[in-house]
Amino acid sequence: MPDVDAIVSQFKPDTLLCVRPSSEDPDWGGPGAVLNIGMNDARYVELCDQMGPGAAAALYLRFVQSYATHVARLDPDEFDQTGDDAVMALSQTLRAYEEEADEPFPQDPAEQLAGVLRSMARAWEGTTARLLRQARGAPVDAGLGLVVQEMILGLGQQGQGECGSGVLQLVNTTTGMPQITGRYLSQSQGRDALGAGAAALYLESDERGGALEDVAPDAFGALRAHAALMREKLREEMQVEFVIEGGQVHLLDGVRVSRTSRASVRIAVRLAQDGIISPQEAVMRIEPHSLNELLHRQVDPDAPRDVLATGIGASPGAATGKIVFTAAEAQASAARREPCVLVRRETSPEDIRGMHAAVAVLTERGGMTSHAAVIGRGMGLPCIVGASSMRFQTRKQQITAPDGRVLKPGDIITIDGSSGQVLAGQPAMQEAVLDDAFQTLMGWADDARDIDIRANADTPADALTARNFNAQGIGLCRTEHMFFDPGRLTVMREMIFAQTSQGRAAVLERLLPMQRDDFTQLFSIMQGKPVCIRLFDPPLHEFLPTSRTGQRELAEALNLPVSDVTRRVEAMAEYNPMLGLRGVRLGVTVPEIYNMQARAIFEAALEASTPEFPVVPEIMIPLVSACREVELVKARIDAVAGAVKSERGQEFDYRLGVMVETPRAALRAHEIAPHTAFLSFGTNDLTQMTYGLSRDDAGRFMSDYVRQGVFPEDPFHVLDTEGVGELLKLGAERGRAAHEGITLSICGEHGGNPESIAFCRDAGFDYVSCSPFRVPVARLAAAQLAIGHKIGD
């Protein structure tokens, strides 16, 4: 405890004091200011003569009420006396204090000050306050400064000049645009003006009502000048708490203006453009994840929320729509131009078209890297997965919330993919904002960063989004999603039922022009930037119907007995398909698929290339675990390339690489690297195989594991730099040792996380690739790492 008598001795006798808390960041919270310390019966009598009984009683009453509730910790309801007669209210309050505290109100200013200081320290160290600070990112040992000031009363008798208090700031809290906002209230103290309603004045002249500028123009001019100087000297947009006494302006406090993410960007950019901070500091001031609020619609922070349940917010943004339970219903709803939310136990590749038609997705199962989560982020589609507290009854077409409410098709819900909340009804929304300030900030970020950022993009729409966000190419194009279009799905199934290599090749000839058109569009949109196409990856059984109805329809389409279709479906079933016949294993055993895709890629590259934007396609082999796999596939792709060059009479370049998704591929990278131009680490599957953990099922227990400290974070959400990271480092080191110029990258969902980007920079990777809507987040995070590294040097 400080020497309170020494503090009091710094002021003139009978001076009223206030104590203002000052934390490093106002967002961390803390106790409120306590005013009028030193008020007692004797001082009250003196002030009655100076300013009148009413004003003096108001000062004393305010202090007694604050002291009783915050210092003495008495019941606030006993000290809620209000009314027009301040003298009577003061008398009642002093009597209530003596009754509740069993002692008179303290009269010694030093005793009063000591009590206030103790109460503020106690409030700061309380359990609730500590938890709140930690939730807002404060360090465990965050401290609180306490400023003891002489009071400027803000109250006076008529004829003594304008007296009152108010709050002013120079920017709009929501947009960050220049705008003088705040309120002023005559004959008041502290922040009373903000809660005074119609009695408070505007600051600038305003047609809606009276203003401080009209009442006291000189004081307003001085106040505005002081605020501008504070902005310049403190290098920040500040909210100024002020008091006017006898027409003179006094600044009491200044705190950083509270702001939305949108406003944060514009404020930082304007400060840099005005020469107050550097562009690099502007970049450092924006938290990368906060950009999600600019890139997607959000539920209005002030809107009431009727929360039905909470799951895992797997793809940020918010959307409202009617519940549908199947992909077909989602497509029908979109055709009627009715927004819908697709509700599934879990999604599969067959749901892709339904996801494209829906405005949001809700699933019972899954985690941050489940199918719905990955596709949702890629499409910018709000998505909640792992909502296991709700009961999903898809056959009955209903879901039941934990509180018993039953939701059926057509009911309106809102998916808040940022918070993970499922909301009933349609709350107010805030629209996405990508304005000039955002573009300026991202330009500065690109000037600073030293690692490339690409996007994972599977469709022309994804590629266009990636280019609009200035991605430096496509780091992962998953071709399997192209085959689930109804017109292609039947052909794909026909290929699966073909009995010979020649039969499969003949069927795939019909898919060739479709694939070629897909790739041509991607190459054209990206305008010569690199496009990395992953060859076919999933097991073939995913393309076959599992229901009896679907099998009958397929039998009719292929003119086969239903029994033949059923036997084929059963024969292709696998106990663990994610570790079965997929990826490069398909390329080795069913080479016709990769042959067709390679030809489509090469022919598309020739069609899309221009002298200004030549196309050099990158072809990636998935799920490799042995060098011989690469040799076999590479030989076939080289042969296809030679054939296309001969047929077209044109030369072209291409780059062949491997997607490192198995621990063995990382460990044997020195054998694989000499055959490839790049190694791209697929951290989704690599994490899954390293942990022996299904990413689609981990959501059922992951929160318990994190809460009990088994894992510090969900390893599918935040890269495990110790375990998976060691494999990445080994693979990178061994790959570079065997092939010095090899390109290294990661293309899993971790690619958009600032923590993962930091790891990749340190490990010498050339680029990271992430979902299109995470590209701006990754660009900003990469820039901050580069700037921070230079500052550290």
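**Close-up views of a predicted model**

**View 1. The second largest pocket and its lining.** In this predicted model, the second largest pocket has a volume of about 1,600 Å³. Its lining is made up of 49 residues. Look for S261, E287, H289, S290 and E293, the lining residues that lie nearest the pocket's centre. Several elements supply at least two lining residues each: helices α6 (127–135), α9 (261–273) and α11 (292–295), together with strands β8 (298–299) and β10 (312–315). Of these, β10 gives the largest share of the lining, with 4 residues. Sorted by class, the residues around the second largest pocket are 22 polar, 14 charged and 13 nonpolar.

**View 2. A salt bridge between R266 and D435.** Here the side chains of R266 and D435 meet, with 3.2 Å from N to O. R266 belongs to helix α9, while D435 sits in the loop between β20 (429–430) and α15 (436–448), so this pair ties together parts that are 169 residues apart in sequence.

**View 3. Helix α18 against helix α22.** Helices α18 (residues 501–526) and α22 (residues 591–608) cross at roughly 35°, and their axes come within 7 Å. The crossing is right-handed. On the α18 side, the contact is made by S501, R504, A505, L508, L511, L512, Q515, R516, F519, T520, F523 and S524. Facing them from α22 are E592, I593, M596, Q597, R599, A600, I601, E603, A604, A605, E607 and A608. Taken by class, the residues of this contact divide into 13 nonpolar, 6 charged and 5 polar.

**View 4. Helix α26 against helix α28.** Helices α26 (residues 683–691) and α28 (residues 724–738) pack at an angle of about 120°, and their axes lie 10 Å apart. Their crossing is right-handed. The contact of α26 with α28 has 5 nonpolar and 3 polar residues, and no charged ones.

Technical notes
Residues numbered from 1 in each chain as written. Predicted model: local features only at pLDDT ≥ 70, side-chain atom pairs only at ≥ 80, totals over all residues. Heavy atoms only, no water. 1 Å grid on protein atoms, 1.4 Å probe; cavity = no way out; pocket = protein on both sides within 12 Å on 5 of 7 lines; lining within 4 Å. Points joined across faces, edges and corners; volume = space filled by probe spheres on them. Nonpolar A, V, L, I, M, F, W, Y, C, P; charged D, E, K, R; others polar. Axes fitted to C-alpha atoms, helices over the stretch in contact; angles between N-to-C directions. Left-handed = near helix turned anticlockwise from the far one by under 90°. Contact = heavy atoms within 4.5 Å. Salt bridge = Lys/Arg side-chain N within 4 Å of Asp/Glu carboxyl O.
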